[in-house]
Amino acid sequence: MSTLRLEDLRQYSDTLRTREGETFKLRFVEPRDTEELQHYFRSLSTRSRYNRFFGAISELPKGLLHDFLDVGERERFTVVATMMVDGFETIVAEMRYALHAETAAVEFGLSVDDRWHGHGIATALLKNLECRAAALGAEHIFGETLRSNETMISLARKSGFAFVNHPDDWKLVRFDKKIAVAPKDIPCASWRLAALSRQADSPSASA
Ligand SMILES: CC(C)(COP(=O)(O)OP(=O)(O)OC[C@H]1O[C@@H](n2cnc3c(N)ncnc32)[C@H](O)[C@@H]1OP(=O)(O)O)[C@@H](O)C(=O)NCCC(=O)NCCS
């Protein structure tokens with residue numbers, strides 16, 4: 001069971017940096033993001049959308065949009081990376097992750113605005129995900145991509161993932177990483193809040 005208190009999603013926000021040192025925010029998606037999220041997906045290149053969803057879509061279908069906005073439902077979460085552009089908070093990347101408690105694993109998928117490719121945003125997101133996953137009690141994180149997606153494969157390799165064949169689909173490759181780094185080395189708000197909540201629950205804390 002997740003320890004996240006979804007009534008106050010904003011406390012789980014993190015500030016991350018691009019490779020050039022520019023800061024951006026990573027936070028749970030909120031209902032107010034609905035239009036901006038669709039705008040983000042519509043603005044992705046056809047190829048990026050195909051690589052993200054393994055199929056041709058022009059925007060999120062209604063059901064999927066609803067799932068994306070339903071943070072915490074069935075241990076599934078959506079985060080958006082945002083930057084201030086011309087005074088507007090603009091989505092520059094998104095990541096969706098799901099806890100599989102029975103295997104202590106977190107599965108994820110992500111995309112970055114084409115204009116921001118190559119700036120280290122996905123690398124920062126994956127590092128942050130390790131911390132978020134650890135806070136959920138996961139021991140490893142994994143994702144899947146099309147075999148033709150050299151960029152994602154290269155990113156996963158550089159981020160320390162190992163590759164295995166997909167059990168059901170030869171067109172896909174699965175990459176998996178054990179969460180080895182002590183989460184205190186890669187702090188994120190989720191980890192700090194989970195630690196605080198464990199402290200509050202322990203018998204010695206109430207003594
Ligand atoms: C895959 C993706 C998320 C990478 O995002 P990104 O922010 O550009 O990645 P980073 O800048 O952190 O790059 C990390 C590594 O990825 C690889 N990479 C990035 N751009 C690349 C490119 N155009 N060609 C080949 N490798 C590339 C490199 O190994 C790079 O490391 P390096 O810069 O030290 O060489 C992005 O290309 C994307 O959104 N693609 C569409 C959606 C998608 O494919 N999702 C994955 C399936 S879930």
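Predicted model: local features only at pLDDT ≥ 70, side-chain atom pairs only at ≥ 80, totals over all residues.
Residue numbers start from 1 along each chain, as its sequence is written.

I begin with the overall dimensions. The chain has 207 residues and a radius of gyration of 17 Å, which agrees with the value near 17 Å for a compact globule of that length. That radius is taken over C-alpha atoms, and the globule rule is 2.2 Å times the number of residues to the power 0.38. Along the principal axes, the C-alpha atoms fill a box of roughly 60 × 45 × 35 Å. Of the 207 residues, 29% count as buried. Here a residue is buried if 20 or more other C-beta atoms lie within 10 Å of its own, exposed if 12 or fewer, and partly exposed in between, with C-beta atoms placed from the backbone. Among contacts between residues at least 6 apart in sequence, 60% join residues at least 24 apart; a contact requires C-beta atoms, placed from the backbone, within 7 Å.

I turn to the secondary structure. The chain has 7 helices and 8 strands. These are DSSP runs numbered from the N terminus, with at least four residues (H or I) for a helix and at least two (E) for a strand.

How are the strands arranged? The 8 strands form an open sheet with mixed pairing, in the order E1-E2-E3-E4-E5-E6-E8-E7. Strand E1 (14–17) and strand E7 (162–165) stand at the edges with a single partner strand each, so one side of each has no neighbour in the sheet. From one strand to the next, the twist averages 30°; axes are lines fitted to C-alpha atoms, for helices over the stretch in contact, and angles run from 0 to 180 degrees between N-to-C directions. Two strands are said to pair if DSSP finds at least two bridges between them.

Let us follow part of the sheet. E2 (residues 23–28) and E3 (residues 76–85) run antiparallel and are joined by 4 bridges. Leu26 stands opposite Ala81 in E3, and Arg27 stands opposite Val80 in E3. Ala81 in turn stands opposite Ala93 in E4. E3 and E4 (residues 88–100) are also antiparallel, with 10 bridges. They form a hairpin with 2 residues between the strands, and Asp86 in the turn has a positive phi of about 50°.

E4 continues to E5 through 8 bridges, again antiparallel, and Glu94 has Ser111 in E5 as its bridge partner. This hairpin has 4 residues between its strands. Ala104, in the loop between E4 and E5, has a positive phi of about 50° although it is not a glycine. With 14 C-beta neighbours inside 10 Å, Ala104 is partly exposed. E5 and E6 run parallel and are joined by 4 bridges; there, Ala105 has His140 in E6 as its bridge partner.

Phe54 is not a glycine, yet has a positive phi of about 60°. It is partly exposed, with 15 other C-beta atoms within 10 Å.

Finally, the ligand. Which residues are closest to the ligand? Of the 23 residues that surround it, the closest are Asn51, Ala122, Thr123, Ser154 and Leu155; a residue qualifies if its C-beta atom, placed from the backbone, lies within 6 Å of the molecule. Two or more residues each come from helix H2 (46–53), strand E5 (105–112), helix H4 (121–135), strand E6 (140–146) and helix H5 (150–158). H5 gives the most to this shell, with 6 residues. By class, the shell holds 6 nonpolar, 14 polar and 3 charged residues. In this scheme Ala, Val, Leu, Ile, Met, Phe, Trp, Tyr, Cys and Pro are nonpolar, Asp, Glu, Lys and Arg are charged, and the others, Gly among them, are polar.

Is Ala122 buried or exposed? Ala122 is buried, with 23 other C-beta atoms within 10 Å. Not counting residues up to four places away in sequence, it touches Leu110, Val112 and Leu155. Ala122 and Thr18 are 104 residues apart along the chain, and their C-alpha atoms are separated by 9.0 Å.

Technical notes:
Contact = placed C-beta atoms within 7 Å.
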